[in-house]
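These are my notebook entries on one protein model. I set down what I looked up, entry by entry.

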Amino acid sequence: MRIILLGPPGAGKGTQAKLIVKDYHILQLSTGDLLRENRRQATALGDKAQTYMDAGDLVPDSLVLDMVEVEFNKPELDAGYILDGFPRTCPQADGFDGLLKNMNLQLDHVLVLEVPDAELIRRLTARRTCPECGHIYNLIFNPPQSEGICDHDGVTLVHRSDDTEVTVQNRLKVYQEQTKPLIDHYEQQGLVRHIDGTGDVQAIYQRIRNVMK
Ligand code: AP5
């Protein structure tokens, strides 16, 4: 199964992708996570991406497309995948369409998570993440048992540098201008399923399962 998860920053793409991965035995491919890992390892790509990410702007398409092309050639993805944060612009979607065509593969679903802006800002400014296992917490909705510490491995949680209110506002604007048009792109392919992304995490996941039946 090959799925794209679309939605604004904070819509719950990472949270829902982790649930889907467990049940459907496919891999999550998050371009945000890949770029953050490049930054952590101080690669040339990580250095180039840093300024864009900290400002809440998109990393240039050519850099992202080169990065994902390497990932798509990995045999681990043969069983299927869920894309979280890619594609994010029309050139990325066109590039990905071409890649799928060359590999003789098709997408199954494009899931669009819908959440109002005020809720997105509340979610993102309170997000904390485990840098070790990737578990996503929220100080308001889903706090860890001990403040600042991951329940699963005891590692100190991090607050993403792009989760400040000013940067989040820019990320929302960038989503409206550059990523939302992709909904039309995939509507034309008959792949889009709109999901109400508000309410309980498990209830949202159930909505996703229902549309994937
Ligand atoms: P990326 O890492 O992809 O960030 P994003 O798309 O902005 O999405 P987020 O990870 O912020 O949110 P999410 O939807 O995954 O929400 P989550 O589940 O964590 O990208 C970061 C940057 O990298 C970009 O700005 C760009 O610079 C660059 N980049 C990445 N990909 C790129 C590309 N393809 N092209 C160019 N540049 C690229 O949840 C958020 C919070 O809400 C958490 O605290 C969570 O616990 C909480 N939450 C989740 N669900 C609920 C719920 N139902 N109720 C209450 N709280 C909830």
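Does R209 count as buried, partly exposed or exposed, and at what relative accessibility? I found that R209 counts as partly exposed, at 29% relative accessibility. Here buried means under 20% relative accessible area, exposed means over 50%, and partly exposed lies in between, with a 1.4 Å probe and protein chains only.

Entry on the model. I note that this is a predicted model, in which local features need pLDDT of at least 70 and side-chain atom pairs count only at pLDDT 80 or more, while totals for chains, interfaces and linings use all residues. Residues are numbered from 1 along each chain as its sequence is written, and side-chain values use heavy atoms, with hydrogens and water left out.

Entry on the overall form. I looked up nine helices and seven strands in the protein; these are DSSP runs numbered from the N terminus, with helices (H or I) of at least four residues and strands (E) of at least two. The radius of gyration is 17 Å, close to the 17 Å that the globule rule gives for 213 residues, so the protein is as compact as a globular protein of that length. This radius is taken over C-alpha atoms, and the rule is 2.2 Å times the number of residues to the power 0.38. I also noted that 44% of the 213 residues count as buried.

Entry on salt bridges. I recorded 13 salt bridges in a search of the whole structure. A salt bridge is a side-chain nitrogen of Lys or Arg within 4 Å of a carboxyl oxygen of Asp or Glu.

Entry on R209. I found R209 in a salt bridge with D23, with the closest N and O atoms 2.8 Å apart. R209 lies in helix α9 (residues 201-212) and D23 in helix α1 (residues 13-24), so the pair ties together parts that are 186 residues apart in sequence. D23 counts as partly exposed, at 40% relative accessibility.

Entry on helix α6. I found a salt bridge between R122 and E119, at 3.7 Å from N to O. Both residues lie in helix α6 (residues 117-125), three residues apart, which is about one turn of the helix. R122 counts as partly exposed at 42% relative accessibility, and E119 counts as partly exposed at 21%.

Entry on a network. Which residues are linked with R171 in a network of salt bridges? I listed R127, R160, D162 and D163 alongside R171. R171 and D162 meet in a salt bridge at 3.8 Å, N to O, and both residues are buried.
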